[in-house]
Amino acid sequence: MNTTVNDSGTMTINYYYSGTSGTTSKAVITTYIEKQFLFVFWTRVDIGVTNNEWTQTVNNYRYSGTRTFKLPSTGTYRTTVTYEVYGSGGSTDTITCQDEITY
């Protein structure tokens, strides 16, 4: 996962995971955005959905995609993406990625 922002404040989140064909069955991807204030604290950005987080289920062993969001103001933002990867090879794998950008 990586995050970019253009000059007009549109954030693009790039997703990618690759499991094993025949073993990995699906992944649940959860994403939220936070804005930094007072150089220490983080608060979730209102993205217009329940709990201010996007959740999508991908029924494939691999996935590549993007999501865009118009940032409400300038500042430092942190994107958190959690991949819960399911399959027949054991327990669920949970992988969390974070990326910070300044707009």
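Colleague: Two strands pair if DSSP finds at least two bridges between them. With that settled, how many bridges join strand 3 to strand 4?

Modeller: In this predicted model, strand 3 and strand 4 are joined by four bridges, and they run antiparallel. Within that pairing, Phe-37 has Phe-41 of strand 4 opposite it.

Colleague: What lies between the strands in that hairpin?

Modeller: Three residues separate strand 3 from strand 4 in the hairpin, and Leu-38 has a positive phi there, near 55 degrees. Phe-39, which belongs to the loop between strand 3 (24-37) and strand 4, also has a positive phi, about 60 degrees, although it is not a glycine.

Colleague: Why point that out?

Modeller: Most residues other than glycine have a negative phi.

Colleague: Where is Asn-51?

Modeller: Asn-51 is located in the loop between strand 4 and strand 5 (54-58).

Colleague: Is Asn-51 buried or exposed?

Modeller: Residues count as exposed when their relative accessible area is over 50%. Asn-51 has a relative accessible area of 58%, so this residue is exposed.

Colleague: And Phe-39, buried or exposed?

Modeller: Phe-39 counts as exposed because its relative accessibility is 76%. Phe-41, which is placed in strand 4 (residues 41-44), is partly exposed because its relative accessible area is 46%.

Colleague: Which residues form a nonpolar patch on the surface?

Modeller: The patch consists of Phe-37, Leu-38, Phe-39, Val-40 and Phe-41, and together these residues have about 610 Å² of accessible area.

Colleague: What is the order of strands in the open sheet?

Modeller: The open sheet has three strands in the order 1-2-6, and their pairing is antiparallel. Strand 1 (2-5) and strand 6 (62-70) each have a single partner strand, so each stands at an edge with one side left without a neighbour in the sheet. From one strand to the next, the twist averages 15 degrees.

Colleague: How many bridges join strand 1 to strand 2?

Modeller: Strand 1 and strand 2 (residues 10-18) run antiparallel and are joined by four bridges. Thr-4, for example, stands opposite Thr-12 in strand 2.

Colleague: Back to strand 3, please. How many bridges join strand 3 to strand 7?

Modeller: Eleven bridges link strand 3 with strand 7, and the two run antiparallel. In this pairing, Val-28 has Glu-84 of strand 7 as its bridge partner. Strand 3 is also joined to strand 5, through five bridges and again in antiparallel fashion. There, Ile-29 is opposite Gln-56 of strand 5.

Colleague: How do strand 7 and strand 8 pair, and over how many bridges?

Modeller: Strand 7 (residues 76-87) pairs with strand 8 (residues 93-102) in the antiparallel sense, over ten bridges. Val-85 has Asp-93 in strand 8 as its bridge partner. The hairpin of these two strands has five residues between them, and Gly-90 takes a positive phi near 140 degrees there.

Colleague: One more topic, the rings. How many aromatic pairs does the structure hold?

Modeller: The structure holds four aromatic pairs. One of them joins Trp-54 and Phe-69 in an edge-to-face arrangement, 5.8 Å centre to centre and with 70 degrees between the planes.

Colleague: Which parts does the pair tie together?

Modeller: Trp-54 is in strand 5 and Phe-69 is in strand 6, so their pair ties together parts that lie 15 residues apart in sequence.

Colleague: Are Trp-54 and Phe-69 buried or exposed?

Modeller: Trp-54 and Phe-69 are both buried.

Colleague: Which residues do ring pairs link into a cluster?

Modeller: The cluster consists of Tyr-17, Tyr-63 and Tyr-83, linked by ring pairs.

Note on methods:
Residues are numbered from 1 along each chain as its sequence is written. This is a predicted model: local features need pLDDT of at least 70, side-chain atom pairs count only at pLDDT 80 or more; totals for chains, interfaces and linings use all residues. Side-chain values use heavy atoms; hydrogens and water are left out. Patches are made of residues with over 30% relative accessible area and no salt bridge: like charges are joined within 9 Å, nonpolar side chains (Val, Leu, Ile, Met, Phe, Trp, Tyr) within 5 Å. Accessible areas come from the Shrake-Rupley method with a 1.4 Å probe; for residues, only the protein chains shown count as cover. A salt bridge is a side-chain nitrogen of Lys or Arg within 4 Å of a carboxyl oxygen of Asp or Glu. Buried means under 20% relative accessible area, exposed over 50%, partly exposed in between (1.4 Å probe, protein chains only). Axes are lines fitted to C-alpha atoms, for helices over the stretch in contact, and angles run from 0 to 180 degrees between N-to-C directions. Rings of Phe, Tyr and Trp (its six-membered ring) pair if their centres lie within 6.5 Å; planes under 30 degrees apart count as stacked, over 60 as edge-to-face and the rest as tilted.
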